[in-house]
Amino acid sequence: MRPGGRLVWIAPAPEGFRPPRNDVETLRPNVKRDRVHLERMLALLDAGAVRPPTIVRYKLANAGEAHRVSESRHLQGKLVFAVR
């Protein structure tokens with residue numbers, strides 16, 4: 001994150017969380033889950049104004065590898081297990 005950046009949480013931040021640097025602003029918008037807001041999110045995606053997170057899929061048999069990736073703190077996006 002560049003100096004003066006913004007860290008935005010959709011879900012509640014972990015208890016006692018503090019930004020790692022003093023120059024980072026932390027925001028938690030009031031995200032609603034109604035049709036109007038979901039349609040606005042789709043419009044922003046279609047316009048290229050926001051990007052969805054990258055999803056990395058692992059077979060459940062490879063949970064150990066996925067855990068190592070998660071622990072490395074270098075994963076950007078979401079880590080998902082394919083159960084079936």
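Visitor: How many salt bridges does the count come to?
Guide: Three, by the rule used here. A salt bridge is a side-chain nitrogen of Lys or Arg within 4 Å of a carboxyl oxygen of Asp or Glu. This is a predicted model, so local features need pLDDT of at least 70, side-chain atom pairs count only at pLDDT 80 or more, and totals for chains, interfaces and linings use all residues. Residues are numbered from 1 along each chain as its sequence is written, and side-chain values use heavy atoms, with hydrogens and water left out.

Visitor: Which side chain meets Arg-6 in a salt bridge?
Guide: That of Glu-25, at 3.3 Å from N to O. Arg-6 sits in strand S1 and Glu-25 in strand S2 (residues 25-27), so the pair ties together parts 19 residues apart in sequence. Strands (E, at least two residues) and helices (H or I, at least four) are DSSP runs, numbered from the N terminus.

Visitor: Is Arg-6 buried or exposed?
Guide: Exposed, at 59% relative accessibility. Glu-25 is partly exposed, at 38%. Buried means under 20% relative accessible area, exposed over 50%, and partly exposed in between (1.4 Å probe, protein chains only).

Visitor: Which residue does Asp-23 form a salt bridge with?
Guide: Arg-21, with the closest N and O atoms 3.0 Å apart. Asp-23 is partly exposed, with a relative accessible area of 32%. For Arg-21 the value is 32%, again partly exposed.

Visitor: And where do Glu-39 and Arg-35 lie?
Guide: Both are in helix H1, four residues apart, about one turn of the helix. Arg-35 counts as exposed at 65% relative accessibility. Glu-39 is partly exposed at 42%.

Visitor: New topic. What volume does the largest pocket have?
Guide: About 1,400 Å³. On a 1 Å grid over the protein atoms alone, a pocket is an open set of points where a 1.4 Å probe fits, with protein on both sides within 12 Å along at least five of seven lines. The volume is the space filled by probe spheres set on the points, which are joined across faces, edges and corners.

Notes
1 Å grid on protein atoms, 1.4 Å probe; cavity = no way out; pocket = protein on both sides within 12 Å on 5 of 7 lines; lining within 4 Å.
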